[in-house]
Amino acid sequence: MTGCAGIGTRWALSVSILKYYLYKATKAVEFYRPIMYLFFLAQGLSFTQIAILEALYNLTTLFGEIPTGYIGDRVGRRNSLLIGTSIIALTLLGIGLSNSFLPLAGLYVCWSMGYNFRSGSEDAWLYDTLTDDLSEDEFARVRGRGESVALAVGAGAAVVGGYLGSIDLSYPWFVAAGVTSIGVVVLLSLDDPETYKRTNSEALSLRQTVGIVRDVLTRRQLRAFLLYYYVLYAGVTYLVFVFLQPIFETVVLDLGVAQSQVESLLGWFYAAYSIVGAVLSYYTGTIERTVGLRTWFLVLPFAVSGALVGMYFVPLLALPTFLLIRGLSDVTRSFAGQYINDRIETLGRATVLSAMAMVSGLAVVPFQLGSGVISDTVSPLFALAVGGVVLAGGSGAILLWQEPIGEKRG
């Protein structure tokens with residue numbers, strides 16, 4: 001009987017993971033990502049206004065992450081994901097219909113709230129689901145496979161989005177809204193993990209939740225990791241995604257490409273961008289075993305900062321640099337999730353993960369505003385080079401204070 005129960009649990013876990021992969025495939029960001037900032041520029045926005053939009057997004061993250069994480073811990077991971085996915089689908093539709101700064105500013109706030117509901121709850125759901133079967137050590141591998149599925153689907157979506165954008169820059173947003181809505185249907189078929197259900201989540205007060213977050217952040221090594229990855233690395237690499245499109249446009253036009261071909265070429269570039277990320281994400285578990293989390297995090301910031309500075313002097317290097325940083329981003333996020341999840345408890349897990357995202361969102365704001373002004377004054381390439389210098393200097397300073405990655409789980 002015990003063997004049958006074990007087989008049943010394994011089967012349920014496999015079905016849940018397959019549904020998780022399907023949900024990841026509906027995130028649809030690659031439809032609009034190749035033309036996102038070109039769309040904003042076409043609506044008459046300046047780089048500074050685009051930076052303000054991104055800052056609004058992250059300020060909303062700042063004020064919304066802990067409350068939405070708390071809701072996720074109280075009402076369930078699945079329900080929190082449902083709320084967030086529904087908000088995102090409606091927001092994407094609204095962005096495609098907008099044509100000026102003020103409506104976009106309001107929609108950016110809604111967009112951020114949607115991701116607030118998903119950010120901590122998604123990883124918390126996955127980690128607790130794996131804990132049901134005592135497979136929590138597989139979190140980085142399974143999450144990496146999920147990102148790989150999303151990116152593989154995104155490769156085709158990027159090509160479609162690029163061609164749709166060459167017809168009308170609003171079309172990719174509409175298609176993305178429809179595909180994201182499919183995620184709502186998938187989530188309705190999921191259930192919360194037994195590990196979560198066994199916790200006394202209904203008695204979890206907001207004060208107790210804040211206390212859990214405070215206790216986690218008082219651990220010196222976790223504070224160092226928070227600064228090292230969620231503040232510095234995440235803040236600087238976020239700028240890459242903001243400035244990729246105008247820099248790509250400048251580089252390919254300098255190579256003699258016609259202006260009318262830029263959007264479709266961006267679609268193909270984002271497809272390559274997604275494929276590189278998909279391949280690396282698929283092998284997240286292998287990379288973890290071969291390289292190790294400690295070596296990965298100690299080397300990565302300095303490699304990325306060198307690439308960002310180098311492409312300022314040789315602009316053509318921007319293309320492989322963007323592919324490199326894109327490919328590494330999801331693997332690194334999976335490793336960070338594994339590291340943090342291994343060091344926190346089930347009760348309050350979504351809130352703690354949301355708090356990490358909240359701090360990251362706050363830290364990104366000065367990077368965004370500063371880079372927007374620098375880009376309007378000098379150029380986006382120069383802004384990214386400055387970001388590379390800040391990343392190397394800041395990472396070095398943190399390492400002198402406290403090594404952020406321990407060998408053993410705390």
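Reader: Before anything else, what does contact mean here?
Author: Two residues are in contact when heavy atoms lie within 4.5 Å. The model discussed here is a predicted one. Among contacts in the protein chain between residues at least 6 apart in sequence, 88% join residues at least 24 apart.

Reader: How many helices and strands are there in the protein chain?
Author: The chain has 17 helices and zero strands.

Reader: And what share of the residues is buried?
Author: Of the 410 residues in the protein chain, 58% are buried.

Reader: Which residues of α14 and α15 meet?
Author: From α14, the residues are Leu-293, Trp-296, Phe-297, Leu-300, Val-304, Ala-307, Leu-308 and Met-311. They meet Ala-318, Thr-321, Phe-322, Ile-325, Leu-328, Val-331, Thr-332, Phe-335, Ala-336 and Tyr-339 in α15. By class, the contact of α14 with α15 has 16 nonpolar residues, two polar and no charged.

Reader: What about α14 and α17, at what angle do they cross?
Author: The axes of α14 and helix α17 (residues 380–401) cross at roughly 155° and come within 8 Å. The two helices are therefore roughly antiparallel to each other. As α14 passes α17, the crossing is left-handed.

Reader: Which residues make that contact of α14 and α17?
Author: On the α14 side, they include Leu-298, Pro-301, Phe-302, Val-304, Ser-305 and Leu-308. On the α17 side, Leu-381, Phe-382, Leu-384, Ala-385, Gly-388 and Val-389 are among them. The residues of the contact of α14 with α17 divide into 16 nonpolar, four polar and no charged.

Reader: Turning to α12 and α15, at what angle do they cross?
Author: Their axes come within 8 Å and cross at roughly 40°. That makes α12 oblique to α15. The handedness of the α12 and α15 crossing is right-handed.

Reader: And who makes the contact of α12 with α15?
Author: Helix α12 contributes Phe-269, Ala-272, Tyr-273, Val-276, Gly-277, Leu-280 and Ser-281. Helix α15 contributes Leu-319, Phe-322, Leu-323, Arg-326, Gly-327, Leu-328, Asp-330 and Val-331. The contact of α12 with α15 has 10 nonpolar, three polar and two charged residues.

Reader: Now α13, please. Which of its residues are buried?
Author: In helix α13 (residues 284–291), the buried residues are Thr-284, Gly-285 and Ile-287. Seen down the axis of α13, these fall within an arc of 165°, so they line one face of the helix. The face turned away from that buried side carries the exposed residues Arg-289 and Thr-290.

Reader: What covers the buried residues of α13?
Author: The cover includes α7 (139–167), α12 (262–282), α14 and α15.

Reader: A few single residues, then. Where is Trp-125, and is it buried or exposed?
Author: Trp-125 is in helix α6 (residues 101–132). Trp-125 counts as buried, at 2% relative accessibility, since buried means under 20%.

Reader: What is Trp-125 in contact with?
Author: Leaving aside neighbours within four places in sequence, Trp-125 is in contact with Ser-16, Tyr-20, Arg-77, Leu-190, Asp-191, Asp-192 and Pro-193. Trp-125 and Arg-78 are 47 residues apart in sequence, and their C-alpha atoms are 7.4 Å apart in space.

Reader: And Thr-91, where does it lie?
Author: Thr-91 lies in helix α5 (residues 77–97), and is buried with a relative accessible area of 3%. Not counting residues up to four places away in sequence, Thr-91 touches Leu-107, Cys-110 and Trp-111.

Reader: Last one: what does Arg-333 touch?
Author: Not counting residues up to four places away in sequence, Arg-333 touches Arg-143 and Tyr-229. Arg-333 has its place in helix α15 and is partly exposed, with a relative accessible area of 35%. The C-alpha atoms of Arg-333 and Gly-144 are separated by 8.9 Å, although the two residues are 189 residues apart along the chain.

Notes. Residues are numbered from 1 along each chain as its sequence is written. This is a predicted model: local features need pLDDT of at least 70, side-chain atom pairs count only at pLDDT 80 or more; totals for chains, interfaces and linings use all residues. Side-chain values use heavy atoms; hydrogens and water are left out. Helices (H or I, at least four residues) and strands (E, at least two) are DSSP runs, numbered from the N terminus. Ala, Val, Leu, Ile, Met, Phe, Trp, Tyr, Cys and Pro count as nonpolar, Asp, Glu, Lys and Arg as charged, and the others, Gly among them, as polar. Axes are lines fitted to C-alpha atoms, for helices over the stretch in contact, and angles run from 0 to 180 degrees between N-to-C directions. Angles under 35 degrees count as roughly parallel, over 145 as roughly antiparallel, 65 to 115 as roughly perpendicular and the rest as oblique. A crossing is left-handed if the near helix is turned anticlockwise from the far one by less than a right angle, and right-handed if clockwise. Buried means under 20% relative accessible area, exposed over 50%, partly exposed in between (1.4 Å probe, protein chains only). The arc is that of the directions from the helix axis to the C-beta atoms.
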